[in-house]
Amino acid sequence: MIKVLFVCHGNICRSPMAEFIMKDMVVREGLCDKIYVESAATSREEIGNDMYPPAKRKLALEGIPFERRRARQIKLQDYDEFDYIILMEEYNINNAMRIFREDPHGKLKLLLEFAGDRRDIADPWYTGNFDRTYNDLVEGCRALLSFIKISAV
């Protein structure tokens with residue numbers, strides 16, 4: 001089983017949106033028995049909180065199923081447990097490295113790297129632009145899923 005962990009700052013907007021977008025794609029592709037998806041935060045600020053309501057509204061509007069969840073922070077063991085640790089912005093990589101200390105297997109990647117673009121996904125908590133964030137997440141998740149299917153599944 002391939003395990004993917006999406007990571008953002010608080011685990012209430014971008015990473016859970018990516019988690020549910022990717023889970024929906026995995027279901028549609030019939031790969032539930034081959035790909036496991038989860039999300040987490042680099043910070044402790046939102047631990048235990050559910051996904052931000054505007055993020056839920058955007059997913060619902062797009063027909064992406066989701067469920068109530070509790071934000072959690074990444075932990076050192078996640079490095080060994082997950083095959084791909086996908087971050088939303090460069091700042092997240094820096095913060096993740098404070099916990100993981102090193103990345104010997106090159107598991108930490110920006111989501112949009114898989115789409116050939118190393119730019120950050122803007123945080124809708126600050127921008128309020130959930131449409132742009134959603135579109136970027138879909139682009140990145142499609143590219144990541146294609147990469148996984150070609151290289152691992």
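Student: How do strand β1 and strand β3 pair, parallel or antiparallel?

Tutor: In general, strands of a sheet pair through backbone hydrogen bonds, in either a parallel or an antiparallel way. In this predicted model, β1 (residues 2-8) and β3 (residues 84-87) are parallel, with 4 bridges. Two strands count as paired if DSSP finds at least two bridges between them, and strands (E, at least two residues) and helices (H or I, at least four) are DSSP runs numbered from the N terminus. Look at Phe 6: the residue opposite is Ile 86 in β3.

Student: Where do β2 and β4 stand in the sheet?

Tutor: The open sheet has 4 strands in the order β2-β1-β3-β4, paired in parallel. At its edges are β2 (35-41) and β4 (108-110), each with a single partner strand, so one side of each has no neighbour in the sheet. On average, neighbouring strands are turned by 30° against each other, direction ignored.

Student: Which strands does helix α4 lie across?

Tutor: Helix α4 lies across β1, β3 and β4, at about 170° to β4. Such angles run from 0 to 180 degrees between N-to-C directions, with axes fitted to C-alpha atoms, for helices over the stretch in contact. Contact means heavy atoms within 4.5 Å. Helix α1 (residues 14-28) lies across β1 and β2, at about 175° to β2.

Student: Is Asn 95 buried or exposed?

Tutor: Asn 95, in helix α4 (residues 90-100), is buried because its relative accessibility is 8%; buried means under 20%, exposed over 50%, partly exposed in between (1.4 Å probe, protein chains only). Leaving aside residues up to four places away in sequence, Asn 95 touches His 9 and Thr 42.

Student: What should I know about numbering and confidence?

Tutor: Residues are numbered from 1 along each chain as its sequence is written, and side-chain values use heavy atoms, without hydrogens and water. Local features need pLDDT of at least 70 and side-chain atom pairs count only at pLDDT 80 or more, while totals for chains, interfaces and linings use all residues.
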